[in-house]
Amino acid sequence: MTALKKEVKLFIVRSLAVFNTPTETVDLVHQEYGVKVTKQQCEKYDPTKRSGVNLSEELKTEFVLTRDDFLEKPQNIPIANLSVRLQRYEGMFQGTKNAVLRLKIQAQAAKDIGGQYTNKKEVDHSGKLEIQSLSDLMDELSEEG
């Protein structure tokens, strides 16, 4: 195994901290630095794995800081940002003449705008409790289907 420069070690640690696999990290290191490393060599820079037990404190700290930052700020990932998604939908919409695809893109944009893909739930605090019997529910489902 080749001895790695500190810059490459930090790159590997940061890559693994943002949940890139060792295989992905091998490719990224080769693209970025032109250095060939093995999957097993990369695994030694992940303190959450058995092979990373002896990682230096400095690199463990960098791993933890990078992972915490990554998990706390999902808005830094472009596709997680509603404006970015809508902009990409608009590009796809403008780039196609296929009517069915255009409708699907419009529907997807409407779902995103309407908050269908969020974990937010509106709660009715009026105090009214509506109880529906199982037979009424089954009747509704059979009418819809």
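**Entry 1**

The model is predicted, so I kept its limits in view: local features need pLDDT of at least 70, side-chain atom pairs count only at pLDDT 80 or more, and totals for chains, interfaces and linings use all residues. Residues are numbered from 1 along each chain as its sequence is written, and side-chain values use heavy atoms, with hydrogens and water left out.

Helix α1 covers residues 6–17 and helix α4 covers residues 57–72; their axes come within 8 Å and cross at roughly 40 degrees. Therefore α1 is oblique to α4 (under 35 degrees is roughly parallel, over 145 roughly antiparallel, 65 to 115 roughly perpendicular, and the rest oblique). The axes are lines fitted to C-alpha atoms, for helices over the stretch in contact, and the angles run from 0 to 180 degrees between N-to-C directions.

I then listed who makes the contact (heavy atoms within 4.5 Å). From α1 there are K6, K9, L10, V13, R14, L16 and A17, and from α4 there are E58, L59, E62, F63, T66 and R67. By class, the residues of this contact are six nonpolar, one polar and six charged. Here Ala, Val, Leu, Ile, Met, Phe, Trp, Tyr, Cys and Pro are nonpolar, Asp, Glu, Lys and Arg are charged, and the others, Gly among them, are polar.

**Entry 2: E62**

I picked E62, which lies in helix α4. Leaving out residues up to four places away in sequence, E62 touches L10, V13 and R14. What does the side chain of E62 do with the side chain of R14? The two side chains make a polar contact at 2.8 Å (a pair of N or O atoms within 3.5 Å; within protein, one must be able to donate a hydrogen and the other to accept it, and residues adjacent in sequence count only if both atoms are side-chain atoms). I also checked E62 against L10: they are 52 residues apart in sequence, and their C-alpha atoms are 7.7 Å apart in space.

**Entry 3: L71**

L71 is also a residue of helix α4. L71 counts as exposed because its relative accessibility is 53% (buried means under 20% relative accessible area, exposed over 50%, partly exposed in between, with a 1.4 Å probe and protein chains only). L71 and V18 are 53 residues apart in sequence, with 8.3 Å from C-alpha to C-alpha.

**Entry 4: α1 and α2**

Next I looked up α1 with α2: they pack at an angle of about 140 degrees, and their axes are 10 Å apart. This crossing is right-handed. E7, V8, F11, I12, S15 and L16 of α1 meet P22, T25, L28, V29, E32 and Y33 of α2. The class count for this contact is eight nonpolar, two polar and two charged residues.

S15 sits in helix α1. Is S15 buried or exposed? S15 counts as buried because its relative accessibility is 5%. Beyond residues up to four places away in sequence, S15 touches N20, T25 and L28.

F19 lies in the loop between α1 and α2, the latter being 22–33. The phi of F19 is near 70 degrees, which is a positive value in a residue other than glycine. I noted the background: most residues other than glycine have a negative phi. F19 is partly exposed, at 46% relative accessible area.

**Entry 5: α5 and α6**

I turned to α5 and α6, which pack at an angle of about 170 degrees with axes 10 Å apart. That makes α5 roughly antiparallel to α6. Their crossing is left-handed. On the α5 side I found L82, R85, L86, Y89, M92 and F93, and these meet R102, I105, Q106, Q108, A109, D112 and I113 of α6. The contact divides into eight nonpolar, two polar and three charged residues.

T96 is in the loop between α5 (82–94) and α6 (99–113). T96 is buried because its relative accessible area is 11%. Not counting residues up to four places away in sequence, T96 touches L101, R102 and I105.

**Entry 6: the whole chain**

Last, I counted elements: the chain has seven helices and zero strands (DSSP runs numbered from the N terminus, helices being H or I of at least four residues and strands E of at least two). Of its 145 residues, 20% count as buried. Among contacts between residues at least 6 apart in sequence, 38% join residues at least 24 apart.

How values were computed
Left-handed = near helix turned anticlockwise from the far one by under 90°.
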